[in-house]
Amino acid sequence: MKLGRRTFIELAVGFAAGAGAGFMATPVNWKLMDDMAIWTQNWPWVPVPDRGAVTQADTICKLCPGGCGITVRKVEDRATKIEGRVGYPVNDGGICVLGTAGLQLLYGPWRVPAPMKRVGKRGAGKWEKISWEAAIGEVVGKLGDLRNNGQAHKVACVLGSDQGTVAQLFDRFLSSYGSPNFICTTSSEDTYELATGLMEGVAASRAYDLEGADFILSFGCGLIEGWGSPVRVIQAHSIWRSGNANERATVVQIEPRLSNTAGKADQWIAINPGTEGALALGLAHVIIKESLYDSNFIEKHAFGFENCAFAGKTCMGFKELVLNEYNPDAVSKITGIPGSKIVSLALAFAKAKHPLAVWGRGKGTTSGSLYECMAVHALNALVGNINKRGGVSARPQLATRQWPEVPQDNVAIAGNRMPRVDGAGSGQYPLTRYLPDRLPQIINGQNGGAIEALLVHEADPYYTTLDSAAVAEAFDRIPFVVSFSTYFDETANQADLILPNHHYLERWEDCPTPVGLRNPVLALLRPAVSPQFNTRHVGDVIMEIGRDLGGSMSEAFAWESYEALLEETMGDKWDTLQETGYVEEKGYEPPAWGKAFQTASRKFEFYVTAFDQAGMKMKEDQDYLPHYEPLEPEGDPAAYPLTLIPTELMRLADGAVGNPPFCIKTLEETELKGDELFVEVNPKTAGDHGLSEGQPAILETPRGKAQVLVHLFEGIMPGVVGIPKGLGHQAYDDYLAGKGVNANSLMGVVEDPVSGLCATWGIRAKLTRA
Amino acid sequence: MKEAHHDEGHGHEEGHGHGTKYKFGMVIDLDKCTGCGACMVACMAENNIPFRKEDTNNRLTQNFWMRVYKISNGLPFPDTEISYIPRPCQHCEGHGHHAATPCVSVCPATATDYSEETGIVSQIYTRCFGCRYCMAACPYHVRVFNWWDARWPKGMEKYLNPDVSPRMRGVVEKCSFCFHRFQRARNKAYAEGRRELREDEYQTACTQACPAGAITFGDLQNPEHKVHKLKDSPYAFRLLEKLGTNPKVYYLSQRDWVRKAADVYMGEEGKDVFPG
Amino acid sequence: MSAEEEKDQTVAAGEQEEASEEQAEEHAQGEAKGEPVEPGTWRFLIPLAAFFVGFVSHFVVGWVALPVLLYAEKEQPIDFNHQLHVEELGECEGCHYFREDGSFSGVPKLDNCLECHEEAMGENPEEAKFVAEYVEPGKEIPWLIYSRQPVCVFFSHAAHVNMAEIECLICHGSMGDSKHTRPYQYNRLTKYSRDIWGWNIAGMAESGWERLNRDDLAEAGDLEPARMKMDDCAECHEGHKGKGYRDACFVCHK
């Protein structure tokens, strides 16, 4: 039969209808429809997290000096969440925004996956993976050559802290190698330690009994913005804010900008930036004049309050200086705060039961002015709260076992005798231990040759040091840079070799008492997860480099491994540490006044005699006393009519660790928009300069220039511009790099005349329409 | 401040066969809240909330379940004051009829529902087809839409929490009061032969993380839970109370202007509230 | 004109048209011998036959071929003898236990196996393979899990086993009596295990709950695993809906 068109259609239609009906008579069509619906819910690129047994691992967060206890929640071998450790003496269950995001740093693309050797130009981000043997071999070769050529003292280490066994290992490494250049980045802690050393004669960290205070006078401290051990301070803040109006503590915040701390304070006093020291002395004036000071402490345990005999002459005491120089009118002129306000604040402070004056701008990342710190400390002494409940004390560390003396050969002895490259501890600055911020200037000044090799661990000086242009130039003049960074941070990006350390959740390490804590605590980092990449513990690496350099250096690192060293060093505390993760000296009480002070006079010294002991020649009497010495910001006020100050935000990490994506996400839309950063300007100032909300503008300082957006904020003093710290990264990756401007690039280092530490609080600036 | 409807909707204490009924809610002390953002990040980490580099501070595309808003009293320098308002899903109960929860009443897919057992407003991602009516209906902007498939940088998917399913493109999501934590706590109770949960057994991730202890979470109708007393404080208020959504998130502040800012005032009404 | 006639006429008209087209075709091909197509009473059989062929073929495809095509099959990495282990170790809970936090451990990890199998205990080649391939290198066995629910599902074993006192075999069948592992089949589209939808392509398999009321379970012998679709859960859980209880979705979905 011929297949006609009609037949064809009949067949086709018949077949199709039959097929349809046949299919409909089976369950498969319904099944396929169901399967398809399910299929749309399971795209292969949407990850399905594996289930499994949930376990907890307790360790310590190392993202800031806060030293919080954390509990890592794990599903099988994956870390899935970081939570605050309940019952831990620092943070009892609380956690901060950065600590919570720690897993993004653990698993993120910014991890250095293996030892890396630079193949492209510095900073180009071109790397070649090499073996650990090759990487260590390169470092040993380079350092060996320098040592053989009598240039051992031109090797420097920059670390984020000098506390704990890893820092001690670096110190030991340099001592046995023959370089005095063990350098740590500095903060307000360094200045406070210096002030404590000078006025109390003890080498110890400062500690505040925040929880016991009922009147907190904060000189620009970002108390709830990452100051001190952030979670602990926020918890103290909640204690101040608990109970009814009578039970609540009073918080007074002194700073030019309405920070969160100021916003939460009972009173915010806007002050001309950089004049905090004058205010402290103005308050002291009122307290002394009204005889509201603690006469018991002042008469029996203080030196130099009244005029006194020292070095064979009668010297002016603190009382006379303050009464003569810092009356409310004079201070009002400097600070811009009405005299009546100064008087009432001083009275309220002195009459409170447990008044406490706290010092350290922002998060305390900048060292600051020594005299300003001393002035605030003197205020605490006046109300007699040194070593008292609700006061300030000098806190020792828990003792660990000492290591055998460093064996030194002739090269080491010769090298160690050379002066430090940063000039700390001798000459102009005999009191200071580290002066990292001076390095760029010194290196650039000598036109190279100051440092031949630089080892960097848990610090990001390339990003955090002020005056980025000078820093970049200085790095260019250092022929060999080794980074031990876990992440591709700015400094690692500029290194020749990266020998990546384990992430803090992957390693053993001791963690001494966190900053500002009253009771000594020794804690232990215990690995929560196994190493995710081909990384090695920096302790093991530095010991291996030492041993490979041979001779007396091998003897210096006789330990089998870092873990063995750690166990030995912790001594009798090891078992407790391994089991519970920390040792706390619970009933710790700071020494009573009679025994507390180790100064020449065995008293609290308003008049600091230690300057003479250190061989520093002070010109006038007031140079021995806390006084106000204005640190003028850089720049000509005529060319730069505004004052730029950095602002530090809790949600924006501005130290050695870059802000993880979660934290970047939490920034306000008035802080960062897309890749553009906002600066805060008072609407009045903005009006004077023809600027409006959201407008692009050029921010220029004597050190740099950047395009920014303008945010009008009533909470900032007219004439002042606020710029957030922590943005403008070039390293890490797309989630952080290229967003905003690095505030450090717009400011220069202003050295404190006594300590040499960086005391920059701002810089003159101008803001013009873009 | 408007009078809080504390007593409304309390008539559900009797069981439904499984014994226990809860009405979970939150009290957030704004005087303690420091605006630090730990709650936001804890929430993102707990609930597998994605992030994209393009979304930095783009209100339209950013994904937050818990968002901390900054408010100001609007006065000029130096009388300016600021405060922060953490805003999770308010888990509105509405009044009487449960469908009065604004989002639930408009969802054509029953992808979101009000649970009578827990008082939690649920969101089922696989059921949602992305019409976003609920987003329009929600007066608190707690709901977010997945404009893109969530992608984690290579290796980062390792931290994902298996208790919460990662969402696909095209669906709406929001705060669940960490319902999976309730499930886990209940699971544990069941394994121990209990039906009742203790107050500390079920806490949301934000409550747990808050370093200031500003967030308190619990059963609003259980007198032994801290929230029960806190919500009756004279300083307690809720957001947009006028709308009658009857939310289960309460706020505390001793500052008048903060309490007043919680409601929307129109024209003349607002004159005394915001003199600035 | 009757309806019949009208139809005929229409058909005829259609044919004429068609015929002319056919002629044209034939000319084009250079052949003109085709028989004229006669309208006949048997014609209705053509579509009918086609319908029948289509029906039968697709009926067969739907019932027989597609179910086979839709599922892929994998063998378990080790042929595991449940019966032997149950005899030695007792009830299911010996290996499939509740963890301290109330979660269900599911398939044992290598560590559990190592408690006995540090070295081969017998002479079974499967055991030897297990020791060589997994114990010695310390590798987890990639078991294929028949009853794995997708990521959007939350299921509490504690609620069902501890509180509702449902026996394992109600849902999982008499797995404990098996001497060999059966092949793992999964849906090529959804990637779900075939056990979830049930092995009967019509979805007519028994759900666990239906078995709850059966007295003959003890003697049932080889009981197949029950279907675990949402509908099966809803048999109990949707019951609440009738009472105005509206938690159904969030109880099981995440």
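## A helix across a sheet

In chain A, helix H14 (residues 339-351) lies across strands S9, S10 (250-254), S11 and S15, and runs at about 130 degrees to S9(A). Here helices (H or I, at least four residues) and strands (E, at least two) are DSSP runs, numbered from the N terminus, while axes are lines fitted to C-alpha atoms, for helices over the stretch in contact, with angles running from 0 to 180 degrees between N-to-C directions. Two residues are in contact if their C-beta atoms, placed from the backbone, lie within 7 Å.

The model is a predicted one, in which local features need pLDDT of at least 70 and side-chain atom pairs count only at pLDDT 80 or more, whereas totals for chains, interfaces and linings use all residues. Residues are numbered from 1 along each chain as its sequence is written, and chains are lettered from A and ligands numbered from 1 in the order in which they are written.

## The four-stranded parallel sheet

The strands of chain A that H14(A) lies across form an open sheet with the order S11-S10-S9-S15 and parallel pairing, where two strands pair if DSSP finds at least two bridges between them. Strand S11 (267-269) and strand S15 (355-362) of chain A each have a single partner strand and stand at the edges, so one side of each is left without a neighbour in the sheet. On average, and with direction ignored, neighbouring strands of this sheet are turned by 20 degrees against each other.

Strand S9 (residues 215-221) of chain A runs parallel to S15(A) and is joined to it by six bridges. A:Ser218 has A:Val358 of S15(A) as its bridge partner.

## The three-stranded antiparallel sheet

Chain A also has an open sheet of three strands, in the order S20-S21-S22, with antiparallel pairing. Its edge strands are S20 (509-511) and S22 (582-584) of chain A, each of which pairs on one side only. Neighbouring strands in this sheet are turned by 15 degrees against each other on average, direction ignored.

Three bridges link S20(A) with strand S21 (residues 521-525) of chain A in the antiparallel sense, and the bridge partner of A:Cys511 in S21(A) is A:Ala523.

## Chain A as a whole

Chain A has 28 helices and 30 strands. Its radius of gyration (taken over C-alpha atoms) is 30 Å, close to the 27 Å that the globule rule (2.2 Å times the number of residues to the power 0.38) gives for 770 residues, so chain A is as compact as a globular protein of that length. The C-alpha trace of chain A spans about 135 × 65 × 55 Å along its principal axes.

Of the 770 residues of chain A, 60% count as buried, a term that requires 20 or more other C-beta atoms within 10 Å of the residue's own, with C-beta atoms placed from the backbone. Among contacts in chain A between residues at least 6 apart in sequence, 73% join residues at least 24 apart.

## Where the chains meet

The contact between chains A and B takes 60 residues from chain A and 49 residues from chain B. On the side of chain A that touches chain B, S3(A) gives the most, with six residues, and by class this side has 29 nonpolar, 16 polar and 15 charged residues. Ala, Val, Leu, Ile, Met, Phe, Trp, Tyr, Cys and Pro count as nonpolar, Asp, Glu, Lys and Arg as charged, and the others, Gly among them, as polar.

Chain B gives 23 residues and chain C gives 20 residues to their contact. Helix H4 (179-191) of chain B and strand S4 (112-114) of chain B each supply at least two residues of the side that touches chain C, and H4(B) gives the most to that side, with eight residues.

Key. A residue is buried if 20 or more other C-beta atoms lie within 10 Å of its own, exposed if 12 or fewer, and partly exposed in between; C-beta atoms are placed from the backbone.
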